[in-house]
Amino acid sequence: MQFFSQIKRRMFMLAGLSLVAGAVSASPAAPQAGVEYQVLKRPQPVEGGKKIEVIEFFGYFCPHCYALEPLLAEWVKKQGDNISFKRIHVNFHELIPQQKLYFSMEAMGKADEYHMKAFQAFHVNRNRLQTDADVMEFVSKSGLDKQKFADVYNSFSINSKLSRATQLANAYQIDGVPSIAIDGRYVTSPVMAAATMTRVTEESQNRAAIEVLDYIVAKVQQGRNAPAATAPATPAASANAPVKKK
């Protein structure tokens, strides 16, 4: 599977480089398209309005998503009204209960409060959240209203979000997590962000990703604030002038 092959590559790289003594190399100062981030050939429609839409594609099963979450949450808070942030739980390995867990918490307005608890349930408390029963066990222990959660969890709207999540992941060509899409045009990840770094740890990858996010958001803002180019004036055409074929 693509995710596990990516995990193996990351673990091999991190394990090998952790043996190299010395300070971690600096993060990329000037990220390049095709290296630290990708530019989509087909830009996707965005819903952020005047804000820059940022989408994190993640999974509760993913240890790298878990490691990135504190830094990413801090970055989102720092960006404030500059961005419109949302998360999409991907459908890797048919772990639909994990998807439904996140989208249900989101629908209840509880995602920010319980998101990290769900990660901890999987990675610390060994609740793999593979079945509906596993999810309901987490709900009971976490303090969420079990009946309200069950009503949302089994609703048609959550099934619609599952379909939409698959559509978005395909549209953004997501084949590994965590991945982050910006303004419907750019996609980056910790692995991409650290592509030119010579000494890598999980933390340095994640901090590089935050720097690349800052760069892309600033790039988008600069493009939006740039004055529109004014076309040069042309002489009025004569009434008898021939109409050129376009």
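**Close-up views of the predicted model**

**View 1. Nineteen residues, written 19 in the count, line the largest pocket, and Glu69, Phe85, Arg87, Ala111 and Asp112 lie nearest its centre.** A pocket is an open set of points on a 1 Å grid over the protein atoms alone, where a 1.4 Å probe fits, with protein on both sides within 12 Å along at least five of seven lines; lining residues have an atom within 4 Å of a point. The model is predicted: local features need pLDDT of at least 70 and side-chain atom pairs pLDDT 80 or more, while totals for chains, interfaces and linings use all residues. Residues are numbered from 1 along each chain as its sequence is written, and side-chain values use heavy atoms, without hydrogens and water. The volume of the largest pocket is about 320 Å³, taken as the space filled by probe spheres set on the points, which are joined across faces, edges and corners. At least two lining residues come from each of α2, β3 (83-89), α3 (96-107) and α4; α4 gives the most, with 6 residues. Helices (H or I, at least four residues) and strands (E, at least two) are DSSP runs numbered from the N terminus. The lining of this pocket comprises 9 nonpolar, 2 polar and 8 charged residues. Here Ala, Val, Leu, Ile, Met, Phe, Trp, Tyr, Cys and Pro count as nonpolar, Asp, Glu, Lys and Arg as charged, and the others, Gly among them, as polar.

**View 2. Helix α2 (residues 63-79) packs with helix α4 (residues 111-123) at an angle of about 140°.** Their axes are 11 Å apart; axes are lines fitted to C-alpha atoms, for helices over the stretch in contact, and angles run from 0 to 180 degrees between N-to-C directions. This crossing of α2 and α4 is left-handed, that is, the near helix is turned anticlockwise from the far one by less than a right angle (clockwise would be right-handed). On α2, the contact (heavy atoms within 4.5 Å) is made by Pro63, Cys65, Tyr66, Glu69 and Pro70, and on α4 by His115, Met116, Phe119, Gln120 and His123. Of these contact residues, 6 are nonpolar, 3 polar and 1 charged.

**View 3. Five strands form an open sheet, 5 in the order β1-β5-β4-β2-β3, with mixed pairing.** β1 (38-39) and β3 are the edge strands, each pairing on one side only. Two strands pair if DSSP finds at least two bridges between them. β3 pairs with β2 (residues 52-58) in the parallel sense over 7 bridges, and Val54 stands opposite Phe85 in β3. Helix α3 packs on the sheet and touches β2 and β3; the direction of α3 makes about 145° with that of β3.

**View 4. Helix α5 (residues 132-142) and helix α6 (residues 146-153) cross at roughly 145°.** Their axes come within 10 Å, and the crossing is right-handed. Asp132, Val135, Met136, Val139 and Ser140 of α5 meet Lys146, Phe149, Ala150 and Tyr153 of α6 in the contact.

**View 5. Val177 and Pro178 are joined by a cis peptide bond, with omega about 0°.** Pro178 lies in the loop between α7 (156-171) and β4 (179-182).
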